[in-house]
Structures are given as structure tokens and as C-alpha cells.
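Please read the points in order, with the sequence and the coordinates at hand.

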Amino acid sequence: MSAASVRRGLWALAALGGGGVAATYFLAGAQRFWVNWLLWFVFGTCLALGALFLVALQHMTGARWSVPLRRAAERIGALTPWLVPVAIVALFSLPVVFSWTQPDAASLTPLVLKEHWLNRPFFIIRLAVCVTLWVVSYVVLVRGSVRQDETKDPHATVRLRRFSPVFMILLALTITDFAFDWVSSLEATWYSDIFGVYLFAGAVTTAIAAVLLAVMHLQRAGRLPGVTRDHVYNLGGLLFGFTIFWAYIAFSQYLLQWYADLPEEVFWFQQRLSGAMEYVFIVLGVGHFFVPFLALMSRDDKKSWTRLRWVAVWVIFMEFVDVFWLISPVLGPGIHLGWPELSFAAFFVPAGLLVLGRAMRLGDDMPTGDPFLQAGLDFHLP
Amino acid sequence: MYRATELPPAPAPARRRTSRGGAPQTFPSSLRVEPLVQGDTSLGKLDDHVRDLSEAKPPRSWYVALVITSLAGLVGLASVGFMIYEGIGTMGNNVPVVWGFLIINFVFWVGIGHAGTLISVILYLFRQKWRNAISRTAEAVTVFAFVCAMMFPAVHVGRPWLPHWLFPYPNERGLWVNFRSPLIWDVFAVVTYFSVSVMFWYLGLIPDFASLRSRVKSRVKRAVFGFMSLGWVGNARQWLHYEKAYLLLAGLTTTLALSVHSIVSMDFASSMVPGWHMTIFPPYFVVGAAFSGFAGVVLVFAFIRTAMRLENYITERHMDLLNKTVLFLSCVMAYAYLMEGFTAWFSSNTFDRYIFANYVFGDQWWAGSLTIFFNCILPQLLWVPRFRRSVPIMVLVSAGVTLGMWLERYTIIVLSLHRDYLPATWGTYLPTPIDFAILLGSVGIFLTLLLLFLRKMPIIATWEVKSDIAHHQAHPSGGLEAEHA
Amino acid sequence: MLEPLFGVLALFPTADDLLKAIPEVKKRGFTKLEAYTPYPVHGIDEALDLPKSKLGVLVFLMASLGAISMFLFEWWTSTVSYPLLTAGKAYNGWPAWVPPMLEGTILVGTFTAALGMLFVFNRLPFFGNPMLRSKAIDRITREKFALVIRPGAGGLDTGGAIAALKAAGGEDIEVVQAPRYSKAGLAWWSKAIGAVGAACVVAGYGTAWVIRTFPTTRPMVEMEDQPRLDAQAADTFFASGRGMQLPPDGTVPRTFMPILAAGPGDGGKALMNPLPVTDSVLERGRTQFDIHCAVCHDRLGTGKAWLDSTYKAQPTDLQSSTVRDASDGYLYWVISRGFASMPAYAADISPDDRWAIIRYVRALQRSQDAPMRDVK
């Protein structure tokens, strides 16, 4: 199957999915539509920000082994500008699904006490600031690196290294704000101060899995000469580490709220643990942690590309299940999984793949202007 | 971990024209990497240096310091004895503030103790070679800090002569410990951490004992080192299993380090006390522990680096990297404080809101404010590259961080407890001289053990640094070595 | 007699030299090689065809075992052996068991890794290692890299080995002898069994000693030693010289009813049971009966409790027709005053409880002799 026919197929699928998406609004109700829209907005944001984090992490630590793989992460970060339209559309969900915009919010003391934060103008300003910062960071980090392919200027590396700590600070603040605004404030009385880190952990895990897939895909296509199993092995190690990190954060949050048993906190978990959602929770615990943990534990596991590919796909799927588990219970008890969800997937997955496919042509396949590229290519496992 | 053969240097991009400025540009100096070993050294010279440090007669200042610290330790132990004999009324604990200095000190020392593990183990997993020269001393800091830390809960349980009650052993009363209590999790965490740290430390020492066993002059040391080396001969097969064990231990101990301070944080966070019940506590405590631990290690090396002529092995770059880590952790701490404050407000729980305002504006406003100053503001000095290599600045910052982290625990424990849900039970907390004497004593015990270690034991993991030296000798140019490869 | 040969050793100044020498020596037909280095040199395991370490498998198995057994232990103690309700959590509130389980797993895993590496895989401590008696060992642990050609099944051509090492660039060639005692020692597994056995004995006796000694050792007398007056203690403060003062004359307890409290003097014939027959009365009666009466009269009132065979006096069979026909008042009188070798229970059982017990005894009697209409 040629690349062009794959693209045509994706377009067709996206068109079909787009029809389903539109139908959702009219047939399944605005709430269902907006919840699904938020699902994909949050998921896409996680993926894009996670990729930008990986890029900045490499600059900040001065790591070399990952230099040849950086372009793959940068290309996934190219999803960032596409978040702008998705975010603007998502703003229309405000009056529909957010508990603090509902008419009865004015009578709930906890919500009245935080109306300085949860009000529409400020909410929109915060989104605008966050998205602007992400796009600017994307331009500086990714475009700056792509430009270096031409100029071969080592000073560009210095500039990127100087910018990356700044980006880290911005990312910490914006992703937290994003998590509190777009996920946690759906149930505005609930709160958990780890929530930003929780979303961040999932985001980075997904991004690593996506970079793994992209690198293995490009390497197989012969576009990453010099990238060896050792580089991919290291990525597998990172995926393993962040899987544990996610589980650690997720379990801490659950344990502490379970233990203290405060009514203003546990209701959130009760919604997500009642009825059929409990199975999603179990799937999440097993699938988001135990499966990749056991699958990547030994050294040989991280050297098998077949295994890595399956694990990476699985981890990305699990991150989506995670976002689903966080957001979907807003619709009420039970699992809300049906043709609307399938339509959204049929629209966003091919659309995302098309965007990413285009992004895979961004700049050279490796950051050829980076003075450390050769050192990175020379990396071998000890 | 290290390859015998080395990477070819990257193409030298010096004096290259760029399309932008058009002016000739030199290769940016900030991208150059200094070597991890400096000066005239070799595998044998390192061995001799480490041996001499453990054998030579220490300078007079060492004896003076040892007398002072051991006196302080004795004062502390005597205070503990007095407190047990006379009763806990001799300390400042009272009814709203049931956890006073003892628990503050416990959390503080456990935190310091994380330094060794994090430096030695996590950096090992990330293949950061610069850990090699400092790992041994950092691990020693861990072990000694845990000796101090374990003293406090043992004393604080009220009847320290019944320590076995903390463990689940079959007994005639048919009782078991309550596994649902975070305090029991603490027992498991701290005991595991201490025993694993000691074992890990010893494991690293085996090849060094082997290399020193016949070269030390003291006959006692010969016998002890010889026995402790277990007949190690450096067979490639031995190294194979040894490195595998080291890697496995590194993985497991990383999880341990994360879990131990998380569990310590759950002593607080699983309760409902305002200011304690925060879901961010586990990672926030771990970062805080690493923060104070790194600061402690910077303090130790700032003092001994020149005093013990370790400049060749612990270079300015090591200090630079340590200080960068301190700066990074300081920023993460700032994030955690910000989230705590924000969520306290966002929760719209009036008690949470009050307690956090009280940290900074209340009757003991200085505790919260100084915590923020020392932990989040003062370390920002380290953004300046020159300051990261300046001994006075790094001592200032690290001492500030150590103090700040102690104050943070004071803030969390005392300030949260003395204003709880019922204003009728509000009280205040005044530490007594006994409290201060016990704190002083723990510092004394820690420093005494550290001083003895520095002059009696191999303070550098020679087998790890030797590979750095061999690498340096093969590629003396410095420059673009692959430090992370 | 010649000492048996351990091997021929040569030193190399750097790890690279050693790595280059290995294939050259191999080319000359010497395949049983060992390398000794001051730090772990990478690439040497491939050069010598050393098999990969199996330590990881052992650690994984042991750590899994640790996790499972710790979890089961916590479950068993908290829900089966000593269920304790805390913080309103379910008995098997598993989230709380994860932290100790994690610690247990890590403890087992780390100790397996360290001790397994030392004792199982590297067979240390081994002070009889012939290499320890070689001249080169101190230089190896310090800065040199050694290659040793070991004798194969057919012995070793020492001259050829020396030549091969020399050709490969080796210096300070040395023939290392194996001391004979290292052969005469016990097999390693018998040592291992001995060591484990000794450890078990020491651990067993140690634990027994700790368990026996500590719970009964009391260095502090805790709160028993405090200023207070015990009930019978003498004291000089009051004129009476007693610590505890007698109540003023005529004092009675709040619920005191003179006749009912001590039991009536007339055999109780005139007394009626004041309590109704309700579930709560019978339940109360059952509790009190099981506490005070069942030890002699048995839970069913048959009088054949475990005292039956060891105690001379035969407790009355409450199912007998004598008791069955006796009035409630009479039973009340017996409980209050005692009967034959049965002591008086007036001081131990409150009047209401006595009546409740009687109601319960009636129910017991009915239960053992139920008319057919009850069953239907």
C-alpha cells in the first residue's frame, strides 16, 4: 500500500468520522458532543506538551544520546499549533459541561468562594495565555532547531539550552492550570493539588511512546541512519521510568483521598468507581501500569522492537482511557461509549495521523545542525 | 557502564561562518565540557591518595572538631536520657501540638539521608558519570543521617524500651500491628531504607577494601579490610555479577527512595489536619528530601574538597552540577509551595485557607516566610554561573537550604497543629532547652560519624573513579567527551 | 610434591591492551581464560564469552514472592487473625497495604540481589583463592589488568602459555600455583548447607530469646510508680489512718433495693418476674448466662460443662423437672443467696440481669423440650 493511498484512506475515514461528530451534536446531545471534544482536546494537548517537554529536557540536561531522536519529538510537538482551533472550539463547551457554569452554581458555597478564579472572562484569558505560550515555545524550541539544520550555528544550541529552563517553568505552570481548568473544574468542587503533576506524568508517558513509534517507523524507513537499538533501548527505559512515575502519582492521589475520606474529595472518586466505571478503573490500573511495567522490566524486553511497538501503542491507548476515565463520568453514571465516541475517534485519529505525517517532513530527519549529533550517533549501550 | 574504547570527538566546528551574522564565530565555550578528572593523576595515584587520607595523621583542626561534635552528641544523648527519665513534659510538646521537635528532626534527617541514595543511585541509572567521585561520601551521609533519624521516632513512641512492639511478631496476646496505620508503614519504610543503605554502601566498599587491604600500614586495618573485602580479586566474572547486582539495587533503591519519604509524608497527608491533607505531599516530600540532601552534600564537599586535596577528583564542575541540581530542586519546591497555597485557596475550605495564610501572616509568620525565602528565593542566586562555583555563595545557599528545610518541617508540623478545626483547642508551642539539646545532639552525632568516616575510610569509590581516570588518560583533550553516553 | 598449577598470569597496563590481547591468546589455542581488572571493563564479557548474569531472574522471583507473601500477611493479620476497625475502613482496605508491601518487596529484592551476587554467584567469601597469593594481585586491584591462562582438561603447556602472553604484550608474567588446601576443602554446597543451618539455629534461638525476654522485661515500671493511695493502703492524713475513707453511715448506692439486692429471705415464693419476654431481655439473659452460669451449668443448662469431670460437686441440671417446676421467684432466690456449693451471685449480677437470666433459662428449657406445636 503506497503512502498516497494510506493518506487517501485517512482522509476518507476522517470525513466519515467528521460526519459522525456532527451527527453527535444533533442526535446524541450537546453534552455528549462537548465531553468528547474535551477528551480529544486534553489528549492532544498532553501529547503535544509531552513532546515539547522531551525536547526541552534534552536541552536542559545536555544529554547526547537523544540528539538524533530529538527531531522525532520536535515533529510530534508540531501538533501544538493545531491545538489553537481545537481550543477555540472547546471554549463553547463552557456553558454545557462545566459544573461551575451551571445555574445552580451560585447557590453552592464552595463555588461562590472560588468565583474569582472560575469565571468566564478569566478562564478564557488563562486559556489564551496558555495556548499562546505553548505556540511561542513551540516556535522557539522546534522552529529554532529546524533553522539550525540550515545555519549549522552552534550558538543556536546555546540559545535553546538557555530557553529550555524557562520553558520548563512555563510548562509547569501552564499544564497545571490546564489540568485544573479543563479537567478538574468539570467538577469544580473537587480539588487535588497533585492533579497538574498527574496529567503531566501521563502526558510525558504518552509522548515517549509516540516518539518511540515515530523513531522506529523512521528508522525502518531508513531515514535515521546511525540510530541503533541502543538509542531505542534508552527510550524504552524512559518509558518504563515514567510508567512508574505515573503509577506513583496516581496511586498517591487515590490513597490519600481514600484514606482521609473527606466528602468534598471522595465524591469524585465515587463517580469514577461506581457502576461500570469501576472496570475502567481496574483496566487503567492494570493497563497503564502493570502491563508496561512487566513488559519492559528486563533488559532484553527493551531491545525487542516488536514488543516496544506494541507497548507504545498500548500506552498511548491507555492514556486515552485515563483521560476518558477523568472526563467522561461528567455525563453521569455508567460508561458512555457508543457510536459518538467511535465517530470522534474516527475523526481525530486519522486527522492527527495526517498532521503528524505532514510533520514528519519538518526539517531534516535528524537535527543535522546540532554540534552534538555525531556524539549522539556514537552512543552505545555500555 | 563505561566503555574501554571511546567515542571519536565530534567534528570541530571552530571558526565557522554563520548565515545569520556573517561574522566568524567561535565554538561557544558553554558547550565545552570540562573533564571529570583534572591534574596529574593515575589509577595508582588515586589509590594512594585515598589510602593516605585514611591513614595519615589528621590535622589538629580535625581533632578539635571531633571533640566539639562528640561533646555535642553526648549532650544530646544525655538530654534524651533525662527526657526519658523525667518524662516528655520536659519537651515543648503539648496538646494541640503533639508532634514537636522530635518529629521535625526525624523528617529533617530522613530528608538529608535521601542525598546519598539519589546521588548514588538515580544518577547511576541516568549514567551520570559525575556521581562517581561523590557517591561514596554521599552514601555515608545517608547512613549517618539515618542513624540520627531513627533515634527520634524510637524516642518519640513514648516507651522506647518496647521497640519490638513496632514489628509484627507472633505474641501471646494474639495482637498484630495495625497495617492500616501510616506510622507502621513508616516503620517498614525506615527500617528497610536503613538496612538497604548500609548494605549498598558496603557493597560499593568491597572492591575498595580489596585494593587497600595490603597497602594500608596499620595491621588492624589490614585484617579488617582484608576480611571485609571477602577475598575479592576483580575477576571479570565477579565484576559481571557485581555490576548486575549494582544495577538491580539501583533500580530497587530508586523505588525505595521515592517510597520512603512518600510514606513519611503520608503520616501527615492521610490525616484530615488542615495543612497536612494535601495530595501533593508524597512527591513534594521526596523533592524536599532530595533538596535538603543535595544541599547537605554541597556543604560537606565545600568544606572537604580543598581541605582534603580532592580537587583533582571533585572538580569545580562537580560542584557546578551539584549546585545546578539544587537550583532545579528549588524551583520544584517553589512549584509545590505554590500548588499548596493555591489549592488551599481553591479548595474553598475555610480551615485550609486560614492555615496557609497563617503560615505566612500568622503569629509565627517568620517560620513560613523564612521557609519560602531560604528554599525558593535564596537559591535563585545559583542562576549566575559564577556563583555556582563560588565556595562562599554555595555555602551560604546550602546552609540556607538546610535551615529552610528544617523550618519547612517546623511550619508543617507546629503551625498546622496549633490551629486546628476547633478554636477552643488552639494553643501555642514553645520548645524547651531539652528540645534544642536533642537537636544539637543529633547534629553532633552526625558530624562525629562523618568526621570519623572522612579520616578512617576510603572516601572515594576508587573503582568507579578509576574508570574515569582511564577514560581521561585515553582522551586527555577534554572537550566533547560524551558525558551522558 | 609440586603444588597444582592455577594458571599463568600476565599484566597489561590498560584495559585496551587487555582487550586486544584476549583474541591473540585465543588464536594460539588457549581458550580457558580469565581476566582480572581494577574496575569493570566493558566488552570483556563478550571477549571472554562469559554468560550473562542470571541474577535478575533470581531477584525477580524473590521480589515477587516477597510482594505476595507480604500482601497475604497483611490481609491475614488485618482481616482474619485480628480484625481491627480503624478509620471506618473495610477490613481488607487494600490501598493501605500497598506501602508496606512495597517496602517488603524491596527489602527482599535488594537483599537477594546483594547476597545472591556475593554468596550464590560469586561464591564469596573465598579467602583461599589462589589469586590472593599471587604477586600480582595487589597491582590488579590497584591499576593493572591481568589475563590468566587456566589449565584445561589436559593440563597446561606452561612454556607455550608464557610465550603466548608475551607475544600479546603481557608483562610481569607469573606462574600462579594453587595451594593444595583449596582442593581438600568441603564442597561448596555442604558449606552452604552448614551456613544456612547455623544461621537458622542462631536466628531461631535469637528470636526465641527476644520473644521470651523482651515482653517480660520492664526496665521502667511506667505508670504504676506514681503518687497515689491504693484501696487498702494506710495513710496518716486522716484520723482513721486509712487511705480510702469509709462512706458515711446510711449511704446506699443509687439503684439500691434492699430486699431484691440481697435476695429475699423467704425462698422467693412471693416474687414475680418483672421483665417481659422480649428479644432484648432474652439476649441480655443469654449474655449474662454465658458469662456467669455457663461455666458450670453449660450453655444449654445441662450441668455438664467442662467442670463436670474435674470438679467434685455436680452442678444442677437446669433441664431437670425440679428446676422446670420451680417458680421464677425461687430461682431468683437461689441465684441471689447461693445453693449447696453454688456461691451467692447477688454481688456480681444486678437484679434485672438475674431476672433476665431466668427468662433465658426458661427459653433454654423450652428449647430442649419443645412441644410439637412449636416445631410446626
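**Notes on chains B and C**

1. Of the 485 residues in chain B, 52% are buried; a residue is termed buried if 20 or more other C-beta atoms, placed from the backbone, lie within 10 Å of its own. The model is a predicted one, in which local features need pLDDT of at least 70 and side-chain atom pairs count only at pLDDT 80 or more, while totals for chains, interfaces and linings use all residues. Residues are numbered from 1 along each chain as its sequence is written, and chains are lettered from A, with ligands numbered from 1, in the order in which they are written.

2. Chain B has 14 helices and two strands, these being DSSP runs numbered from the N terminus (helices: H or I, at least four residues; strands: E, at least two). Its radius of gyration is 24 Å, close to the 23 Å that the globule rule gives for 485 residues, so chain B is as compact as a globular protein of that length. The radius is taken over C-alpha atoms, and the rule is 2.2 Å times the number of residues to the power 0.38. The C-alpha trace of chain B spans about 75 × 65 × 45 Å along its principal axes.

3. In chain C, 15 helices and four strands are found. The radius of gyration of chain C is 42 Å, well over the 21 Å that the globule rule gives for 376 residues, so this chain is more spread out than a compact globule. Along the principal axes, its C-alpha atoms fill a box of roughly 120 × 70 × 45 Å. Buried residues account for 27% of the 376 residues in chain C.

4. How is chain C divided? An automatic or database domain assignment supplies the bounds: domain 1 covers 1–186 and domain 2 covers 258–375 of chain C. The C-alpha centres of these two domains of chain C lie 77 Å apart.

5. The two chains meet through 61 residues of chain B and 69 residues of chain C, a contact being a pair of residues whose C-beta atoms, placed from the backbone, lie within 7 Å. On the side of chain B that touches chain C, at least two residues each come from α1 (43–55), α5 (182–212), α7 (236–269) and α14 (462–474) of chain B. The largest share, 18 residues, is supplied by α7(B).

Terms used:
Buried ≥ 20, exposed ≤ 12 C-beta atoms within 10 Å, placed from the backbone.
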